[in-house]
Amino acid sequence: MDILFTPDALIALLTLTFLEIILGIDNIVFLSIVSGKLRAEDQPKARRIGLLLAMAFRIILLFGITWVLSLQDTILAIDWGFFEAHITGQSLIIFGGGLFLLYKSVSEIHHKMEGEEEGTSGKASNSISAAIIQIALLNIVFSFDSILTAVGMVSMKEPAEGGFGQEGALIIMILAVIISIIIMMIFAGPVSKFVNEHPTIQILGLSFLILIGVMLIAEGSHLAHFKFGNDVEVGTIPKGYLYFSIFFSLFVEFLNLRMKKNRKPVKLHNNKIIDKKLKDKDVTD
């Protein structure tokens, strides 16, 4: 246990906690949008339950890490000549989660842009139980992705071989999950309030979820070794590119919001010329 208090272990804990928070951004966005459809008094409860479910799923999967890794074994091999695949349990979960995220994101965008007004239909989708079911389904997928990333970062080799040992690595990963979820619970309320008060942020968030859904589909296809023809195999989309685009888009939108708050809209030169011509015409008339 002394190895947990070494500089390497503390660096691994901080790095993994930061990564868990970054990977949890999509979870918070989904929580914000789903809970935003509930009554105001039910929203904090839905967010707390959603984040607690996320923590519970991750910890359960960490204790069953051997089972999680066994999902990498092929359960169905396909070879049709023009298409080849080695489908695993892990690839099915990731691929299915990506499809669900695409469906849910597009449905939410349609509802917000062209659907009925909030409160005009008494559908069960506005109930807290329906919201929690949706959150739980997506948390399963996010948890698998998060745990696989964590296992890849923290070495389970014995200390003599430069690792933290299986027990030490497990403790580091569980602590990182707990700390990251606590931080997300603290900021989930303000983030949800901000997202639900700004329609453009909501649409951006749903667009990000579409990107993440595409990333999960690509990752699931890669894990299943989808191959078309002789040489074309589906690759993965680097998460760094995806999250950079997300943060850059948010940064631009924050600038837009700040400009609208503190400054008048900027007029283009062509608009100024047209305005001047209209004024001159009015004077001559």
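Colleague: Let's start with Glu253: which helix is it found in?

Modeller: Glu253 sits in helix H9. Helices here are DSSP runs of H or I with at least four residues, strands are runs of E with at least two, and both are numbered from the N terminus. Bear in mind that this is a predicted model, where local features need pLDDT of at least 70, side-chain atom pairs count only at pLDDT 80 or more, and totals for chains, interfaces and linings use all residues. Residues are numbered from 1 along each chain as its sequence is written, and side-chain values use heavy atoms, with hydrogens and water left out.

Colleague: Is Glu253 buried or exposed?

Modeller: Buried, with a relative accessible area of 10%. Buried means under 20%, exposed means over 50%, and partly exposed is in between, using a 1.4 Å probe and protein chains only.

Colleague: And what is Glu253 in contact with, leaving aside its neighbours within four places in sequence?

Modeller: Thr200, Ile201 and Leu204. Contact means heavy atoms within 4.5 Å.

Colleague: Let me zoom out. How many helices and strands does the protein chain have?

Modeller: There are 10 helices and 4 strands. Going from the N terminus, the order is α-α-α-α-β-β-α-α-α-α-β-β-α-α. The protein chain has 285 residues, and 38% of them count as buried. Also, if you take contacts between residues at least 6 apart in sequence, 74% of them join residues at least 24 apart.

Colleague: At what angle do H2 and helix H8 pack?

Modeller: Two packed helices are described by the angle between their axes and the distance between the axes. For H2 and H8 (residues 199-223), the angle is about 130 degrees and the axes are 10 Å apart. That makes H2 oblique to H8. The axes are lines fitted to C-alpha atoms, for helices over the stretch in contact, and angles run from 0 to 180 degrees between N-to-C directions. Under 35 degrees counts as roughly parallel, over 145 as roughly antiparallel, 65 to 115 as roughly perpendicular and the rest as oblique.

Colleague: Which residues make that contact?

Modeller: From H2, Asp26, Val29, Phe30 and Ile33; from H8, Gln202, Gly205, Leu206, Leu209 and Ile212. By class, the contact of H2 with H8 has 6 nonpolar, 2 polar and 1 charged residues. Nonpolar covers Ala, Val, Leu, Ile, Met, Phe, Trp, Tyr, Cys and Pro, charged covers Asp, Glu, Lys and Arg, and the others, Gly among them, are polar.

Colleague: What about H2 and H3, what's the angle there?

Modeller: H2 and helix H3 (residues 43-63) pack at about 145 degrees, with their axes 9 Å apart. Asn27, Leu31 and Ser35 in H2 meet Gln43, Ala46, Arg47, Gly50, Leu51, Ala54 and Arg58 in H3. The contact of H2 with H3 divides into 4 nonpolar, 4 polar and 2 charged residues.

Colleague: Changing topic: how many aromatic pairs are there?

Modeller: The count comes to 7. Rings of Phe, Tyr and Trp (its six-membered ring) pair if their centres lie within 6.5 Å; planes under 30 degrees apart are stacked, over 60 edge-to-face, and the rest tilted. Trp80 and Phe82 have ring centres 6.3 Å apart and planes at 40 degrees, so that pair is tilted. Trp80 and Phe82 are both exposed. Phe244 and Phe248 form a stacked pair, 6.1 Å centre to centre with 20 degrees between the planes.

Colleague: Where do Phe244 and Phe248 lie?

Modeller: Both are in helix H9 (residues 239-262), 4 residues apart, about one turn of the helix. Phe244 is exposed at 58% relative accessible area, while Phe248 is partly exposed at 48%.

Colleague: Which residues form the aromatic cluster?

Modeller: Trp80, Phe82, Phe83, Phe95, Phe226 and Phe228 form one cluster.

Colleague: Last one: what is phi of His225 near?

Modeller: Near 55 degrees, a positive value in a residue other than glycine. Most residues other than glycine have a negative phi. His225 lies in the loop between H8 and strand S3 (227-228), and it counts as partly exposed at 38% relative accessibility.
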